[in-house]
Amino acid sequence: VQITFNGVSMTILQNTSLGPAGSIWCGAMLEHLADPAFYPAGHWQGTQVLELGAGLGIVAIYLAKLQAQVVATDMKIVLSLLEGNCRSNCPPPLMVQVRELEWGVTDVSSFAKPQCLIISECVYLPGTVPKLIAVLLALCNEATLVICMWNKRFPDLEQLWLTMAHEHFHVQEVETIGGYPRSRCIHMRRKPAPYLLPMDTEAASAAPALNAGATPHPVTSPGQGLSPSPSPS
């Protein structure tokens, strides 16, 4: 599949037999990352970015072509496809490192704390939410900007994700460029220690059914103090 966005072109190979990880998802992350209201020209140059659930590598490749230093991660099943897309679209000196990272399984102690951590279309299974929170706490420091975007599909799961995120992070909801009505985007920064432990997977799986009628935790209003860090000098 040939993709061109904001002057950046890439050729992406899919393998739909791998399920969601091997398929192109319709989302608005690229539009957000290109929004000059948040990221002025040159912002991504030299920025250390880590992406969770990178899938086919579209976001990682886009940022690498803007001169970011990117580590793209996903499960072993999709790693060769991710690596092939990154290699074919980002020849040296462009920087994309591909690493295996399965939430709750992979030891992440060897990963450097990134300046920016990106999660795109990864909130869709209740049992993975506590694992995602745990890996975020392990990978981020208080200076890391976490950018998370997803399409609105499962209200109860979205409520669980936001409730758990608020326990450990300062959360700000942001509007995407073009105002995509189906997409939701938040910026997060880790709260100072001590942290609450993420709830266990069994409790998280039950939470949507138990809390179906509850009101989701409010997010910080746009413009309240979670703007991206300045570009590296």
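Biologist: How many helices and strands are there in the protein chain?

Modeller: This is a predicted model in which local features need pLDDT of at least 70 and side-chain atom pairs count only at pLDDT 80 or more, while totals for chains, interfaces and linings use all residues. Residues are numbered from 1 along each chain as its sequence is written, and side-chain values use heavy atoms, with hydrogens and water left out. Helices (H or I, at least four residues) and strands (E, at least two) are DSSP runs numbered from the N terminus. By that rule the protein chain has six helices and nine strands.

Biologist: What percentage of the residues of the protein chain count as buried?

Modeller: Buried means under 20% relative accessible area, exposed over 50%, and partly exposed in between, with a 1.4 Å probe and protein chains only. Of the 233 residues of the protein chain, the buried part is 46%.

Biologist: Which residues form one aromatic cluster?

Modeller: Rings of Phe, Tyr and Trp (its six-membered ring) pair if their centres lie within 6.5 Å; planes under 30 degrees apart count as stacked, over 60 as edge-to-face and the rest as tilted. The count by this rule is three aromatic pairs. One of them is the tilted pair of Phe38 and Tyr39, at 6.0 Å centre to centre and 40° between the planes. The members of the one cluster are Phe38, Tyr39 and Trp44.

Biologist: Is Tyr39 buried or exposed?

Modeller: The relative accessible area of Tyr39 is 3%. Because buried means under 20%, Tyr39 counts as buried.

Biologist: Which element gives the most to the lining of the largest pocket?

Modeller: On a 1 Å grid over the protein atoms alone, a pocket is an open set of points with protein on both sides within 12 Å along at least five of seven lines, a cavity is a set where a 1.4 Å probe fits but cannot get out, and lining residues have an atom within 4 Å of a point. Grid points are joined across faces, edges and corners, and a volume is the space filled by probe spheres set on the points; the largest pocket holds about 860 Å³. Of its 37 lining residues, the closest to the centre are Gly53, Gly55, Ser120, Glu121 and Cys122. β1 (2–5), α1 (29–33) and α2 (58–65) each supply at least two residues, and the element that gives the most, with three residues, is α1.

Biologist: Which elements give two or more residues to the lining of the largest cavity?

Modeller: There is one cavity of 30 Å³ or more, and the largest cavity has a volume of about 40 Å³. The residues lining the largest cavity are Val123, Trp150, Asn151, Lys152, Arg153, Phe154, Leu157 and Glu158. The elements that supply two or more residues to this lining are β7 (145–151) and α5 (155–168).

Biologist: Where does Pro93 lie?

Modeller: Most peptide bonds are trans. The bond from Pro92 to Pro93 is cis, with omega near 15°. Pro93 lies in the loop between α3 (76–89) and β5 (95–100).

Biologist: Is Asn6 buried or exposed?

Modeller: Asn6 has a positive phi of about 55° although it is not a glycine. Asn6 is in the loop between β1 and β2 (8–11). At 54% relative accessibility, Asn6 counts as exposed.
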